[in-house]
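Hi,

Here is the structure I said I would pass along. Have a look at it first, and my notes follow below.

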Amino acid sequence: MALAFDEFGRPYIIIKEQEHKSRLRGLDAHKANISAAKAVARILRTSLGPKGMDKMLQSPDGDVTITNDGATILEQMDVDNHIAKLMVELSRSQDYEIGDGTTGVVVMAGALLEQAEKLLERGIHPIRVAEGYEMASRLAVENLERISQKFEFSSTNIEPLVQTCMTTLSSKIVNRCKRSLAEIAVKAVLSVADLERKDVNLDLIKVEGKVGGKLEDTELIDGIIVDKDMSHPQMPKRIENAKIAILTCPFEPPKPKTKHKVDIDTVEKFQTLRLQEQKYFDEMVKKCKDVGATLVICQWGFDDEANHLLMHRDLPAVRWVGGVELELIAIATGGRIVPRFQELTPEKLGKAGLVREKSFGTTKDRMLYIEQCANSRAVTVFIRGGNKMMIEETKRSLHDALCVARNLIRNNSIVYGGGSAEISCSIAVDAAAERYPGVEQYAIRAFADALDSVPMALAENSGLQPIDTLSAVRAQQIKEDNPMYGIDCNDVGTNDMREQNVFETLIGKQQQLLLATQVVKMILKIDDVISPSEY
């Protein structure tokens, strides 16, 4: 430990156990931080764009995840470095706020840090670099605002929304049926959206998956699917105009709460007890029938005797349904959840046009479909696929598409994709750099160079010559003053992204630039890293 003495000669400790702590200062600290962040960005760089590669991640308990969704990759990676953790959080905040563009935001931050490293080596102060970046990000966001276009859609004309969702899905495994999935996502969002308030509650969209079938069998159901079946195999499998009682109370005779003992020493006493229980349960069933219920959905279970009685009294029932599903069923059918049996009244019943049980393949797996509900504001997307990994990845891809559709309903401005927006911003920021005197000009130019890294990565991942492709597209944009030219990743033969129908949401792009700049500023301001000793 480091000892020092005050003016009276008394010793005091400056930093405890100094020799056990590793410490990096100044440029070394900056370089170590930047290289950690660049390492994370490099991992994600190859999974950007429609031809991006997937990553396979194995968790400590042997679960395997295959994905190219930036947020999922970073979430599952076991990151130890403190700066790398910042990149993970950056991707997560993009995912929470926008839902899409999680890979691009990390690649962008990595490129900004790479450019900053060159400036720091030339002796420019990190604060000046950070300020320059801040100015440049403002210029880039203004430029995005300028080149963005509004497009009109309505509940009858959903094509623009579908095209934008297809852009999101084209970079995922599921891109072979991106058209049908994009349509499913848009219809699901529009059925729960409040177009006047421009608000979408994604909680009302339930995404359910089952292994088996093929991806093309994925469907949108106007209602709820519950992964349960009727409690007795002889109960009817199809109920039309169902009136549903939704119970969270036990559907069986009550158990006394006191500590007690019932001595039954004769057969007669046992018979009396059994008959009493049966009578009690019979009355419960009768009460359900009296209020008009034709189906009981219960959060708790009931025993076989009760099940048998229900079957005899022609009252189909479903048991062990989870709390979240009960809430969705209540929202969809317009029913009320009944916590006490005494409170069951006809007004609290939910209504559904059709409740049916469907079995899949040869596995005898059955699921319950509740369709044609009174309030069709709760929908379910039912995904089929060859294996569990495929279904999980489809769920993640669909989540991105749902978020994009939601963002477009909130703000219907779009920019063109394929790296065209980044190239346009890069040209605008580069041109504006001349107007700024002082060292910040270098940082603004560096920001413009960093913006080129996204289209460069797109070209690289698509197997094109990155530098040739980028410089050709850039020259074309400047020559024709048209911000719609981007990288032709799918080899369609045109660089015009409007013709290729490649769109991205404006708020998603702006958020990417602002978040990446914030994190880079934060990393550049760290000049001293004190880490504890490793034992």
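A quick definition before anything else: buried means under 20% relative accessible area, exposed means over 50%, and partly exposed is whatever falls in between, with a 1.4 Å probe and protein chains only. By that rule Glu208 is buried, because its relative accessible area is 14%.

Two notes on where the numbers come from. This is a predicted model, in which local features need pLDDT of at least 70 and side-chain atom pairs count only at pLDDT 80 or more, while totals for chains, interfaces and linings use all residues. Residues are numbered from 1 along each chain as its sequence is written, and side-chain values use heavy atoms, with hydrogens and water left out.

Now the overall picture. The protein has 17 helices and 21 strands; helices (H or I, at least four residues) and strands (E, at least two) are DSSP runs, numbered from the N terminus. Along the principal axes, the C-alpha atoms fill a box of roughly 100 × 75 × 40 Å. The radius of gyration is 30 Å, whereas a compact globule of 535 residues would have one near 24 Å. That radius is taken over C-alpha atoms, and the globule rule is 2.2 Å times the number of residues to the power 0.38.

Of the 535 residues, 50% are buried. The accessible surface comes to about 26500 Å², and carbon and sulfur atoms hold 51% of that; the areas come from the Shrake-Rupley method with a 1.4 Å probe, and for residues only the protein chains shown count as cover. As for contacts (heavy atoms within 4.5 Å), take the ones between residues at least 6 apart in sequence: 72% of these join residues at least 24 apart.

Back to Glu208, which sits in strand E9 (residues 205–211). Its side chain makes a polar contact of 2.9 Å with the side chain of Lys206. A polar contact here is a pair of N or O atoms within 3.5 Å; within protein, one must be able to donate a hydrogen and the other to accept it, and residues adjacent in sequence count only if both atoms are side-chain atoms. Leaving aside neighbours within four places in sequence, Glu208 is in contact with Ile225, Glu325, Met367, Thr380, Val381, Phe382, Ile383 and Lys395.

Asp452 is another acidic residue to look at. Where is Asp452 found? Look in the loop between helix H13 (440–451) and helix H14 (453–461). Asp452 counts as buried because its relative accessibility is 10%. Its side chain is joined to that of Arg474 by a polar contact of 2.8 Å. Not counting residues up to four places away in sequence, Asp452 touches Ile423, Ser426, Leu470 and Arg474.

Is Ile297 buried or exposed? Ile297 counts as buried, because its relative accessibility is 1%. This residue lies in strand E13 (residues 295–298). Beyond residues up to four places away in sequence, Ile297 touches several others, including Ile244, Leu247, Val318, Leu326 and Ile370. Its C-alpha atom is separated by 21 Å from that of Lys279, which is 18 residues apart from Ile297 along the chain.

Arg92 is in helix H3 (residues 82–97) and is partly exposed, because its relative accessible area is 27%. A polar contact of 3.3 Å joins the side chains of Arg92 and Glu75.

Last, a couple of backbone angles. Which residue in strand E17 (residues 365–373) is worth a look? Gln372 is found there, and it has a positive phi of about 50° although it is not a glycine. Gln372 is exposed, because its relative accessible area is 54%. Trp320, also not a glycine, has a positive phi of about 55°. Trp320 has its place in the loop between strand E14 (317–318) and helix H10 (323–333).

Cheers
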